[in-house]
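Visitor: I am new to this structure and would like to be taken through its sheet step by step, with the reasoning spelled out.

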Amino acid sequence: MLLVLALVSMGDRGDPLAAQTDAKPSKSTVATPSREPNPTPTPTGPRSVARKPVKVRVTAAVGDSTRMARQLRAATTRYEGREAAFVLTFGQAPEPGDGQAYAREVNKALRKARPDVFTDATTRDFWNGGPSGSADLEIYFYTR
């Protein structure tokens, strides 16, 4: 039985002499420079998400979605033309339920402020203790 296992093991390995001949460099052809500039490579495969978030702070009274949208529009002007993958919003309030509700309001205002950037973004509402009326956002954009 041991002999059979040894033969199977040796038969599974490649030929070391053939591997050495394959490793020898072949004669290369002389490359002629092309006169056309190399085009910029286009990315292939799935999109990825940037690791570093864009951090934004919104300060507005509960229910003041107009002011929220105005602040969000101003804070995200430089990211126009990009698409957000997901947004983590931390609403500040003394109670967790109120903080999450405020974060939900801010996330709705995001879609009003920049529908082209945030329409398909996944949003999550979190609570961050503190006085009511502000939220911290972490916006993760798709890479280009």
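Visitor: What is the order of the four strands in the open sheet?

Guide: In this predicted model, the order of the open sheet is S1-S4-S2-S3, and its pairing is mixed. The twist from one strand to the next averages 20 degrees.

Visitor: What makes S1 and S3 edge strands?

Guide: Strand S1 (54–59) and strand S3 (122–128) each pair on one side only, and they are the edge strands for that reason.

Visitor: How do you know that S1 and S4 pair, and in which sense?

Guide: Two strands pair if at least two bridges are found between them, and S1 and S4 have six bridges, in the antiparallel sense; they therefore count as paired. Within this pairing, Val56 has Leu137 in S4 as its bridge partner.

Visitor: Which sense of pairing does S2 have with S4, and how does S2 run relative to S3?

Guide: S2 and S4 pair in the antiparallel sense over eight bridges, with Phe86 opposite Tyr140 in S4. Strand S2 (residues 84–92) and S3, by contrast, run parallel and are joined by seven bridges, and here Leu88 stands opposite Arg124 in S3.

Visitor: Why is S4 called largely enclosed?

Guide: A residue is buried when its relative accessible area is under 20%, and six of the eight residues of S4 are buried, so S4 is largely enclosed by the rest of the structure.

Visitor: Which strands do helices H3 and H4 lie across?

Guide: Helix H3 (residues 65–75) lies across S1 and strand S4 (134–141), at about 150 degrees to S1, while helix H4 (residues 96–113) lies across S1, S2, S3 and S4, at about 145 degrees to S3.

Key. Residues are numbered from 1 along each chain as its sequence is written. This is a predicted model: local features need pLDDT of at least 70, side-chain atom pairs count only at pLDDT 80 or more; totals for chains, interfaces and linings use all residues. Side-chain values use heavy atoms; hydrogens and water are left out. Helices (H or I, at least four residues) and strands (E, at least two) are DSSP runs, numbered from the N terminus. Axes are lines fitted to C-alpha atoms, for helices over the stretch in contact, and angles run from 0 to 180 degrees between N-to-C directions. Contact means heavy atoms within 4.5 Å. Buried means under 20% relative accessible area, exposed over 50%, partly exposed in between (1.4 Å probe, protein chains only).
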